[in-house]
Amino acid sequence: MIATGTPGEAAHARQIYVGWVTAGIELCEHVVTSLSDAEFAEPSRLPGWTRGHVIAHIDGNARGLGNLVTWARTGIETPMYSSMEQRDADIEAGALLPPQALRARLVQSSAQLADGFNSLSEEDWSVQVRTAQGRMIAAREVIWLRAREVMIHAVDLGGDVTFEDLPDDFLIALTDELVARRGTQRGHPAIALQAPRHRWDISGEGTPAVVNGTLPQIAAYVTGRSSRAPILPGWL
Ligand code: ZN
């Protein structure tokens with residue numbers, strides 16, 4: 001996660017994460033711009049969701065995380081979503097918007113979140129805020145949450161973006177996080193992940209299964225976006 005060391009180091013780390021957010025949203029906008037209107041209603045790579053659902057979710061996530069940025073700046077508790085039911089209803093409604101309107105919403109909410117990041121002072125980044133899952137995090141982690149969303153969902157949109165298009169340092173940070181997360185899940189199988197220059201071990205049950213692949217393949221696998229055995233449940 002984002003280092004807290006000296007103020008200079010912390011600012012540098014934030015810059016890297018903000019760079020991932022910018023790159024990820026550019027990939028999303030690239031796909032969204034290249035889709036025909038009819039393709040918005042077609043299935044995405046996420047089970048049960050059209051591309052319109054994924055775009056509405058990326059848009060809603062920007063607004064939700066924007067609430068956490070407001071919380072950090074003002075100190076006034078501002079939850080990501082009023083409820084999970086409302087979050088889901090907004091995705092359903094957003095998916096039915098005319099494609100042109102949905103595209104415009106995504107561009108607008110992403111720009112607004114970028115402005116929000118720019119509005120925070122050094123101290124604001126340390127304010128504790130609550131994620132939709134109920135976890136308390138420092139505001140600086142919001143940048144990472146957004147980077148994950150825009151990078152992975154850029155692939156989920158089902159356009160020409162794949163994990164191969166995502167930066168190596170991002171894929172390493174993502175795999176680090178998921179290996180740690182999956183290693184704490186009860187009943188998760190033990191798995192050794194082997195990429196050409198990196199290796200991770202997911203602690204778990206049984207003799208570790210070995211999964212080999214390129215870094216993008218390993219990252220896709222560990223997020224549950226691969227057909228390789230042992231199949232992992234989807235995440236994010
Ligand atoms: Zn998501």
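**Entry 1: a ring pair.** I started with two residues, Y17 and W144, and both are buried. I kept in mind that this is a predicted model. Next I asked how many aromatic pairs there are by the ring-centre rule. The count comes to six. Y17 and W144 form one of them, and the geometry is edge-to-face. I noted 5.7 Å centre to centre and 70 degrees between the planes. Then I checked where the two partners sit. Y17 is in helix 1 (residues 7-34) and W144 is in helix 5 (residues 141-156). The pair links distant parts of the chain, 127 residues apart.

**Entry 2: a second pair.** I turned to F117 and W125, which also form an aromatic pair. This one is tilted, with 6.0 Å centre to centre and 40 degrees between the planes.

**Entry 3: the cluster.** I followed the ring pairs around Y17 and W144. They link Y17, W20, W144 and F170 into a cluster.

**Entry 4: the metal.** Which residues coordinate the zinc ion? I found H57 through NE2, E149 through OE and H153 through NE2. The distances run from 2.0 to 2.2 Å. In sequence the donor residues follow the spacing H-x91-E-x3-H. H57 lies in helix 2 (residues 51-74) and E149 lies in helix 5, so this pair ties together parts that are 92 residues apart in sequence.

**Entry 5: a serine.** I then picked S110, which is in helix 4 (residues 99-119). Its relative accessible area is 12%, and the cut-off for buried is under 20%, so S110 counts as buried. What does S110 touch, leaving out residues up to four places away in sequence? The contacts are I25, E29, A62 and R146.

**Entry 6: helix 7.** Helix 7 covers residues 215-222 and is mostly covered itself. Seven of its eight residues are buried. I listed them: L215, P216, I218, A219, A220, Y221 and V222. What covers these buried residues? The cover includes helix 6 (168-183), along with strand 3 (189-195), strand 4 (198-202) and strand 5 (205-212).

**Entry 7: after helix 7.** I went on along the backbone. Just after helix 7, G224 takes a positive phi of about 80 degrees. Further on I checked the peptide bond between A229 and P230. This bond is cis, with omega at about -10 degrees. P230 is in the segment after helix 7. L236 is also found in that segment. L236 is not a glycine, yet its phi is positive, at about 75 degrees. Is L236 buried, partly exposed or exposed? I noted 29% relative accessibility, so L236 counts as partly exposed.

How values were computed. Residues are numbered from 1 along each chain as its sequence is written. This is a predicted model: local features need pLDDT of at least 70, side-chain atom pairs count only at pLDDT 80 or more; totals for chains, interfaces and linings use all residues. Side-chain values use heavy atoms; hydrogens and water are left out. Buried means under 20% relative accessible area, exposed over 50%, partly exposed in between (1.4 Å probe, protein chains only). Helices (H or I, at least four residues) and strands (E, at least two) are DSSP runs, numbered from the N terminus. Contact means heavy atoms within 4.5 Å. Rings of Phe, Tyr and Trp (its six-membered ring) pair if their centres lie within 6.5 Å; planes under 30 degrees apart count as stacked, over 60 as edge-to-face and the rest as tilted. Donors are N, O and S atoms within 2.8 Å of the metal (3.2 Å for Na, K and Ca); water is not among the atoms, so sites may look incomplete.
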